[in-house]
Amino acid sequence: GTTDGGRFESNSTSGRGVFGLANAASGTTTGGYFWSDSTSGRGVFGYAGAVTGTTYGGKFVSESAAGTAVYGLATAAIGGTYGGYFQSDSVDGIGVYGNATGTELAWGGYFRTDSPYGVGVYGLANAAGGHTKGVSGRTQSTNGIGVSGWADADTGETYGLFGMSDSSSGCGVRGDATDSSGTTYGVHGHSISTSGRGVLGFATAATGTTYGVFGQSDSTSGRGVYGYASATSGTIYGVRGYASTAAGGYAVYASGDMGASGTKPFRIDHPYDPENKYLLHYAAESPEVINFYSGKVTLDERGEAIVELPAYFASINRDPRYTLTAVGAPMPMLHVAEEISAEALAAGEQAGPGVAPPTCWFRIAGGVAGAKVSWEVKAVRNDLRMRTHGAPVEREKSGPEHGKYQHPEYYGQPPEMGMEHDADREHPSQERPDGPADETRMENRP
């Protein structure tokens, strides 16, 4: 049944439902000790019924160096038991308030479970509306951690911190760094395992626009997502994206410009030695954004041919250039006899959605009847994005990048001259988050 080891009540505007005091200066003392063996019992139940004043359902004090102000134990092996149960119905109330004022390793509250399915701390905000928090952690220290989670088992699928949301617009974990200056982190993930992940994001829904990880920055020099691989050898990835071979997928997609200070190769398993080598082919570089089209054509009895280009050519290209190569026989008179129509290109630039642009073609002449010609057309990209934003060749550095180098080592400059230099990131602390350094302080208690 529902039993109470003891029940204490105060209706005074400054009363205490329970007051426990253990003021010995040494020894394992207990300000208050409560016990329930019932399958639905409470180790402690405190009630302060006054609607005003500074009241306490229970207040416990211990001044001993090894004392316990409150210790609750519910030893039944089954049932919904509570070592301690606290509740506040006030609009500004706090169900449990813990305060540790010591200057060393102190805990405002310490909770523990030894069950293989246990929860060390469980917070429930049951209101259907409002900005509620199941658990809220806060620190005002200049080196503090608002919430610290620590899973110290050496094996198994453990989580230092696990967040879950069932809402249709919820966040499993949300981190806010609200200071307007300094090197701040909304979320900081750190793993020192040889196969670890600093941050792992899963979006397991089979439909919908989901994100395994979503990063956003509103700063004029911000990074929505920043990946950094600091090893100086090996096959490393600052950011790596993977997509299945399903049509329409992208391992990495940029809705906007992409940039690289290095080369841009595609990489495949080497066809001669796929287990041990890669084959790399590199993208061509140009100060212009160029589209190119190529093919072969057979000349007619006059040594001529008409080459038709894709139907969309006029809508996305301008300033075409031509290359012709004779195949099978010399053709010293081979030439472009008629270029792509400038009027067609102008009309294609003006054609909007649903309006078919003019067909573009050019005519080859001066060749050998029946011979083949390999042709190529290069043209400057001229779609709506390029007309809107252009493609500058030179750009001034601004903000924190001004006066810095992408690769300072190429110019004989020290690492701190690099625009990506971050001393804290390059020399991260290997310490674990703050946690119980001496478990015996708690284990030796009653």
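Helices, meaning H or I runs of at least four residues, and strands, meaning E runs of at least two, are taken here from DSSP and numbered from the N terminus.

What we are looking at is a predicted model, in which local features need pLDDT of at least 70 and side-chain atom pairs count only at pLDDT 80 or more, while totals for chains, interfaces and linings use all residues. Residues are numbered from 1 along each chain as its sequence is written, and side-chain values use heavy atoms, with hydrogens and water left out.

Overall, the protein has 5 helices and 14 strands. Of its 446 residues, 14% count as buried, where buried means under 20% relative accessible area, exposed means over 50% and partly exposed lies in between, for a 1.4 Å probe and protein chains only. If we take contact to mean heavy atoms within 4.5 Å, then among the contacts with a separation of 6 or more, 64% are between residues 24 or more positions apart.

Let me turn to helix H2, residues 342–350, whose buried residues are Ala-344, Leu-345 and Gly-348. Why do these buried residues line one face of the helix? Seen down the axis of H2, they fall within an arc of 100°, so they line one face, the arc being that of the directions from the helix axis to the C-beta atoms. The buried residues of H2 pack against helix H1 (313–316) and strand E11 (317–327), whereas the face turned away from the buried side carries the exposed residues Ala-342, Glu-343 and Gln-350. For Glu-343 the relative accessible area is 61%, and its C-alpha atom is separated by 9.9 Å from that of Cys-360, 17 residues apart along the chain.

Beyond this helix, Pro-357 is found in the loop between H2 and strand E13 (361–365). Pro-357 and Leu-345 are 12 residues apart in sequence and 8.4 Å apart in space, C-alpha to C-alpha. Not counting residues up to four places away in sequence, Pro-357 touches Ala-311, Tyr-312, Ala-314, Ser-315, Gly-348 and Ala-351.

On strand E11, I would like to point to two residues. Asn-317, which lies in that strand, counts as buried at 0% relative accessibility. Which side chain makes a polar contact with that of Asn-317? It is the side chain of Asn-291, at 3.0 Å. By polar contact I mean a pair of N or O atoms within 3.5 Å, where within protein one must be able to donate a hydrogen and the other to accept it, and where residues adjacent in sequence count only if both atoms are side-chain atoms. Leaving aside residues up to four places away in sequence, Asn-317 touches Asn-291, Tyr-293, Leu-345, Ala-379, Val-380 and Asn-382.

The other residue is Asp-319, also placed in strand E11, which has a positive phi of about 50° although it is not a glycine. As background, most residues other than glycine have a negative phi. Asp-319 counts as partly exposed, at 41% relative accessibility.

Now back to Asp-383, which is buried with a relative accessible area of 16%. Its side chain makes a polar contact of 2.3 Å with the side chain of Arg-381, and, not counting residues up to four places away in sequence, Asp-383 touches Ser-315 and Ile-316.

Further along, the loop between H3 and helix H4 (423–426) holds Gln-413, and Gly-418 is found in the loop between H3 and H4 as well. Gln-413 is partly exposed, at 30% relative accessible area, while Gly-418 counts as buried at 9%. Again not counting residues up to four places away in sequence, Gln-413 touches Tyr-405 and Pro-408, and Gly-418 touches Lys-404, Tyr-405 and Pro-408. The C-alpha atoms of Gly-418 and His-407, 11 residues apart in sequence, are 6.2 Å apart in space.
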